[in-house]
Amino acid sequence: MSGLAKLLHQMGHTVTGSDMKTGSIMRDLEDLGLDVWEGSRPARVAELDLLVASSAVPGSDPERRAAEEAGVVVWDRPDLLEAITRDLLRTIGATGTHGKTTSTALLVNALRALGRDPSFVVGGLLSDFGTRAHLGERDLFVLEADEAFGTFTRLHLEGLMVTNVEADHLDHYETLDRIEDTFAEVVRRVDGPVVVGVDDPGGRRLAERTGRATYGTAADADWRIVDLAERGDAVEFRLTGPGTSTDVRVGRPGVHVARNAAGALALLGSLGMDVAVAARRFGEFRGVHRRFEVRAKIGGVTIIDDYAHHPTEVAANLRAAAAGDWSRIWAVFQPHLYSRTEAMAFEFGAAFALADKVVVTDVYGAREAPIPGVNGELVADAAKARTEAEVFYVPRRGDVAAFLVERVAPGDLVLTFGAGDVTLIPDELAAMLAERLT
C-alpha cells in the first residue's frame, strides 16, 4: 500500500493514509509530503474522492464504515491495481509462490542497465534504490504481481515471469488445484510474452497447460541455466536461450537467486531486449530488504534476516548459507499464520536439514485467530523428527535474543526467518553481543 501511495502521489494525486501503528514506512511517506496518521480518524473521510483498503483492513474498520456511510467510493487494493494497469501504466510483472519480490527487483535492475527508467512497485525495499516504488516511464511499469487473495487476477499485463507454483495462501485458495487453476487463468490473460520456471512440478504443469516459454536448470527449458557455480556471496551461471548465450553473475547467493535472474532475463529477452546488456549490473545487485539481508557482524557472529515463511523458502536460504564457511548455522524461525503452520508443520521440519541449530518461536498470527492445538512446537517437533539439528522451542519471540547470546560463538551464522516481528531479533541480539564485548 505504501508503494501505491507514493506512486499516486508522484502522479499528482492528493494522497492521505492511516495505519494501526506508525513506523519507518509511514515516516517515509511523511517525508514525501503525504498526510498520514496512526489509528482511525473517521471524520477525515469526508474530504475523500476514493478510499482504498488493503486486504488486512476488515469491513468493520471505522474509516471504511464512515466512507461507505458518506457515499465515498470504496475500493480494495486489487481494484486500484486493475485501474492502474488498465488505464495508466503499461505493465510487466513477476509472480509466483516464492521469489517474486527479488525477481521484480532484478527486472528493475536489468532495465536500468538497458538505459530505461521504469516505473515500479515492489513488495520490499530495494537496497539499490532505497525505495519500494518509483514513477518513471509510464509505458514501462514493473509490478510485483501478488497472488495472495487472488490480487493478480485483476491485473492487465503485457509480459510476465512466473517463478514457481506451490501450495500457499490456503486460507484463500483452499487447495493446490485452485492455486494452479488461478495461475493458469492469469497466464492466459497476459497480452504478451510469459516465461515460466519449470524446476518445480507446479511450474512445469503450468507451462504444459498454457504452452508458454520456460526457464530453469531443466534440460528441456527454453531458457536454460548451465555451468552453475555457487559462491558464499554470489552465484554464477550461463544462460542459453533462443539465439543467445550469456554469462551471468548475481551478487547474491543461492540457486534460487540464479533462477530469479534467469527468469528476469528470459522475460526481457522475450520482449526483444538485449540480454547481455540487461545482465551487466547483476554482479552489483544488492537485493531487497529482508531477503538474505546481512543485519550485523559483531564478535565474529554474522546475523542475516530473511522474510522466508514457507518451507521451500527456508530450505533455499539454508542451502545458500551452506555455501559459506560458517562454523555453525543457527536457524531462528517464527511460524507465520496458524493456518499455514497447521498445513505445513511437517514440511517445515524437513526444511531445516542444513541447519546445525534450530530455534522455533510460537506462531505470529497476523490476521488470524488461534487454532486450538496449533503452535510453534509443532514445527519444532517436526524438525527434531526430520533433521539431525539440535532444536529448541522458545515460545516468546522476545526471549530469543537472550537465549542466543548465551550460546552463539565466533564463526557462527544466525539466520532469522519469518514474516512477523522476528525481524526485531537481529538488532536485539547485536546489541547484546556488543554489550558482551565491552
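Author: On a 1 Å grid over the protein atoms alone, a cavity is a set of points where a 1.4 Å probe fits but cannot get out, whereas a pocket is an open set with protein on both sides within 12 Å along at least five of seven lines, and lining residues have an atom within 4 Å of a point. Points are joined across faces, edges and corners, and a volume is the space filled by probe spheres set on them. The model is predicted, with local features needing pLDDT of at least 70 and side-chain atom pairs pLDDT 80 or more, while totals for chains, interfaces and linings use all residues. Residues are numbered from 1 along each chain as its sequence is written, and side-chain values use heavy atoms, without hydrogens and water.

Reader: How many cavities of 30 Å³ or more does this rule give?

Author: The count is 1 cavity of 30 Å³ or more, and the largest cavity holds about 70 Å³ of space.

Reader: What makes Asp168 and Met344 lining residues of the largest cavity?

Author: A lining residue has an atom within 4 Å of a point, so Asp168 and Met344 count as lining. Helix 6 (170-173) and helix 12 (338-351) each give two or more residues to that lining, where helices are DSSP runs of H or I with at least four residues and strands are runs of E with at least two, numbered from the N terminus. Helix 12 gives the largest share, 4 residues.

Reader: What lines the second largest pocket?

Author: Its lining has 14 residues, with Gly232, Asp233, Phe292, Val294 and Ile304 nearest the centre, and the second largest pocket holds about 210 Å³.
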